[in-house]
Amino acid sequence: MENNKTNAAVKWYVTKARYSSLPYREKLEKAGLEFFLPTRFVIQDIAGRRLRVERPVIFNFIFVKGTVFDVKDFCKRNEGLSMVYRRRFHDEAMNNEEHLLMTVTDKEMSLFAKTIGQYTEEVPFVRPSEVDLHKGDLVRILEGPFAGVEGVLMSQQGKDGGRVLVSISNVIAVPTLEIRPEYLQILSFASKGKHLYKKFDSFMPRARKALHHHLADKLDTKDIAALTTFEKRFAELQTHTVNSQVKLLVYLLICYTCLKSDDNKNKVEMQLLSLLPEVNSTSFRALALVNLYGCIGHKSYRQDAEKIIASWGEIGDKDKTKKEIAEDLLYFANTLI
């Protein structure tokens, strides 16, 4: 048992006070345990006097860092404080009490503390169970006071800015203040809804125009701004289908080509080539090959694209996508001579 105590990992454990968590602060300090227990001061009427009173901001939770033995021992010695157990767990955890205990990673703790630190007044906590996290896009905040924080976009305003819900080990969650849209990077789209395709389709005309301008040496500031914004927002996006991944990579290829980011361009080229054997749609294969030709210039891409387009026969006016792909191939062939 002594050997287990010596080799036990140090983690952040979630503890819960029966009443106020504040009385345990001094005891934790004396025990030499690291803990997270942020407080705020409020003005409160007490016996007819307005007094400045300290209050915890995260209910009666205290996050304590130590080995499971240290934290459990502290709770045993301090009545009214207990360790929090997970509500759901795998069968294999049943015989291992440590796996049943709620823990928090160092990254979660750091980002959560950063989020809370931006509030000067009461923090609007919610329980993750009260919010359907599957409905929101998973995002990373790139700049500003919340830089590095990852969470679920819970409300939107303007051009996709809004508030981000930061959850910590399914115990509690806190929304950030309003985030400017240019500060948000999409990591994955919500599992429900079609807005992924709307985002991509709305960028298609701008991407085509920018690549045409680039090849004609006429790239302007509007092109650069649009390409930079798209790359910044979607470069880390994880999509759920091969076709959507191909479309994303095509747009990123255009971005990196026009912005002259050769290392990233080469990386995306290799990713596209590795995906092409999995693509059944001739439209998506042609889209990839035509833009590989326009961005890279290799004739083999042009020849493969020509074969697919020839197999389509006459393209009707209503088939806008195929028509644009064929037009782009002709433009690139005439420009890259």
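Which residues in α9 meet which residues in α10? Lys-265, Glu-269, Leu-272 and Leu-273 are the α9 residues that meet Ala-288, Leu-292, Cys-295 and Ile-296 of α10, where contact means heavy atoms within 4.5 Å.

## Basis of the model

This is a predicted model, in which local features need pLDDT of at least 70 and side-chain atom pairs count only at pLDDT 80 or more, while totals for chains, interfaces and linings use all residues. Residues are numbered from 1 along each chain as its sequence is written, and side-chain values use heavy atoms, with hydrogens and water left out.

## The chain overall

The protein chain contains 12 helices and 12 strands, these being DSSP runs numbered from the N terminus (H or I over at least four residues for helices, E over at least two for strands). Of its 337 residues, 42% count as buried; buried means under 20% relative accessible area, exposed over 50% and partly exposed in between, with a 1.4 Å probe and protein chains only. Among contacts in the protein chain with a separation of 6 or more, 63% come from residues 24 or more positions apart.

Helix α9, residues 262–275, has 14 residues and reaches 20 Å from its first C-alpha to its last, close to the 20 Å expected at 1.5 Å a residue; the expected span is 1.5 Å times one less than the number of residues. The buried residues of α9 are Lys-265, Val-268, Glu-269, Leu-272 and Leu-275. Seen down the axis, these buried residues fall within an arc of 130 degrees, so they line one face of the helix, the arc being that of the directions from the helix axis to the C-beta atoms.

The face of α9 turned away from this buried side carries the exposed residues Asp-263 and Lys-267. What covers the buried residues of α9 includes α8 (242–258), α10 (282–296) and α11 (299–311).

## Packing against α10

α9 and α10 pack at an angle of about 155 degrees with their axes 11 Å apart; axes are lines fitted to C-alpha atoms, for helices over the stretch in contact, and angles run from 0 to 180 degrees between N-to-C directions. That makes α9 roughly antiparallel to α10, since angles over 145 degrees count as roughly antiparallel, under 35 as roughly parallel, 65 to 115 as roughly perpendicular and the rest as oblique. α9 passes α10 in a left-handed crossing, meaning that the near helix is turned anticlockwise from the far one by less than a right angle, whereas clockwise would be right-handed.

The axes of α8 and α10 come within 10 Å and cross at roughly 15 degrees, which makes α8 roughly parallel to α10. The contact involves, among others, Val-246, Val-250 and Leu-253 of α8, and Leu-287, Ala-288 and Leu-292 of α10.

## Loop residues

Most residues other than glycine have a negative phi. Asp-217, in the loop between α6 (195–215) and α7 (221–234), has instead a positive phi near 60 degrees, and it counts as exposed at 73% relative accessibility. Lys-260, in the loop between α8 and α9, has a positive phi of about 60 degrees although it is not a glycine, and Lys-260 counts as exposed at 66% relative accessibility.

Gly-297 lies in the loop between α10 and α11 and is partly exposed, with a relative accessible area of 33%. Not counting residues up to four places away in sequence, Gly-297 touches Leu-292 and Leu-336.
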